Amino acid sequence: KMRNLFVSLGGSNGLVMVVVLIACNQAAAFCPTLYSGAPASLDSNAGALRLKKSVVFTKMTISDATSDTQRIQAKEDFLAAAKAGPKNGVGCTPEQREEIEGKLAILAELNPTKEPAYALLRPPFTYFDGTFALVYTNTTGGSSGKLGPLVGDVTQTFEGMRDLDAMGFARRGVFTNAAAFGPLRTALRARCEAKSERRLTIVFEELSVSLFGIELQRKPFQAGGPGTQGSWDLCYLDSDMRVLRTNAGNVIAMQRVEAYGGESYMDRQRRLGSRPE
């Protein structure tokens, strides 16, 4: 599928083609139906989401959470371990992965947000708005930001909502997954919808490539086409961090950073006095 997309974008220069291929790999890692590996198992009897071999995220309710002090410490421990390793987790040794993912599992057990998938799409979109940067992933695909010997900056940015109801609740959120390599940037625009208290369905809509902020290529995906849909389970969510698992078995941990472009979507709406739409 990715080879077909690569061919269909023929006529661009070689540099753009390389970047498009990176973005396709990025889609493969984020979108489970493009992933060739076996999916991680969901053990409902044990009540745990199993990530690879070493990461077990326990399904806990808000009443199960311990104090904020312990949660904050667990988050600091995970971030310290992740940032002490290679960028984005690319090239971690087995020992490093074991340490990082062990601390990540502890953090996920202390998830403070009830029904995180619904909370993500609830106004004023505290958990969704802004830009989040990749801290750690165990995927070997393009969403890790790896391009040959280079590892790029991977971000996820909230772009707005669709299908608002009378109360302002969004049925679908729109976001962009991007990978930047200096002046080169690939972006996958997608929409998500909450299907349960933890699960989001994801539909990838289009791929774009830019250089020095100038768009070079835009490729919409065929609606309902193969390899454009998947799901994520939100395992941890607070106002500045999210941890999700794709049903391809990849864990992705992201931390809030400065909004892409200097202003988040909701900040822009407030400045303009507009109702988000």
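Reply: What follows starts with the model as a whole, turns to the charged pairs, and ends with their surroundings.

This is a predicted model, in which local features need pLDDT of at least 70 and side-chain atom pairs count only at pLDDT 80 or more, while totals for chains, interfaces and linings use all residues. Residues are numbered from 1 along each chain as its sequence is written, and side-chain values use heavy atoms, with hydrogens and water left out.

The protein has six helices and 14 strands, taken as DSSP runs (helices H or I of at least four residues, strands E of at least two) and numbered from the N terminus. Of its 277 residues, 49% count as buried, where buried means under 20% relative accessible area, exposed means over 50%, and partly exposed lies in between (1.4 Å probe, protein chains only). Among contacts (heavy atoms within 4.5 Å) between residues at least 6 apart in sequence, 63% join residues at least 24 apart.

Side chains of opposite charge can pair when their charged atoms come close. The structure holds 16 salt bridges, each defined by a side-chain nitrogen of Lys or Arg within 4 Å of a carboxyl oxygen of Asp or Glu. Arginine 71 takes part in a salt bridge with aspartate 68, with 3.4 Å between the closest N and O atoms; both residues belong to helix α3 (residues 68-84), where they sit three residues apart, about one turn of the helix. Aspartate 68 is partly exposed, at a relative accessible area of 48%, whereas arginine 71, at 11%, counts as buried. Arginine 71 also meets aspartate 238 in a salt bridge, at 3.2 Å from N to O. Since arginine 71 lies in helix α3 and aspartate 238 in strand β12 (residues 229-238), this pair ties together parts that are 167 residues apart in sequence. Aspartate 238 is itself buried, with a relative accessible area of 6%.

Aspartate 240 lies in the loop between β12 and β13 (241-246) and lysine 75 in helix α3, so the pair ties together parts that are 165 residues apart in sequence. Aspartate 240 is partly exposed at 30% relative accessibility, while lysine 75, at 12%, is buried. Elsewhere, salt bridges that share partners join Arg189, Arg191, Glu205, Glu206, Glu215 and Arg218 into one network.

Glutamate 205, one of the residues in that network, lies in strand β10 (residues 199-211) and is buried, with a relative accessible area of 11%. Its side chain makes a polar contact of 2.8 Å with the side chain of arginine 191; a polar contact is a pair of N or O atoms within 3.5 Å, of which, within protein, one must be able to donate a hydrogen and the other to accept it, and residues adjacent in sequence count only if both atoms are side-chain atoms. Beyond residues up to four places away in sequence, glutamate 205 touches Arg162, Arg189, Ala190, Arg191, Pro220 and Phe221.

As for the nonpolar surroundings, the largest nonpolar core has 31 residues, and those with the most contacts inside it are Phe128, Phe158, Phe175, Cys192, Leu200 and Ile202. Strand β9 (residues 184-194) supplies the largest share of this core, five residues. A second, separate core of 19 residues includes Leu104, Val135, Val243 and Ala253. Here a core is a set of buried Ala, Val, Leu, Ile, Met, Phe, Trp, Tyr and Cys residues joined through side-chain atoms within 4.5 Å.

Rings of Phe, Tyr and Trp (its six-membered ring) pair if their centres lie within 6.5 Å, and planes under 30 degrees apart count as stacked, over 60 as edge-to-face and the rest as tilted. By this rule there are five aromatic pairs. Phenylalanine 158 and tyrosine 265 have ring centres 5.5 Å apart and planes at 80°, so the pair is edge-to-face. Phenylalanine 158 lies in strand β7 (residues 153-164) and tyrosine 265 in helix α6, so this pair ties together parts that are 107 residues apart in sequence. Phenylalanine 158 is buried at 2% relative accessible area, and tyrosine 265 counts as buried at 6%.
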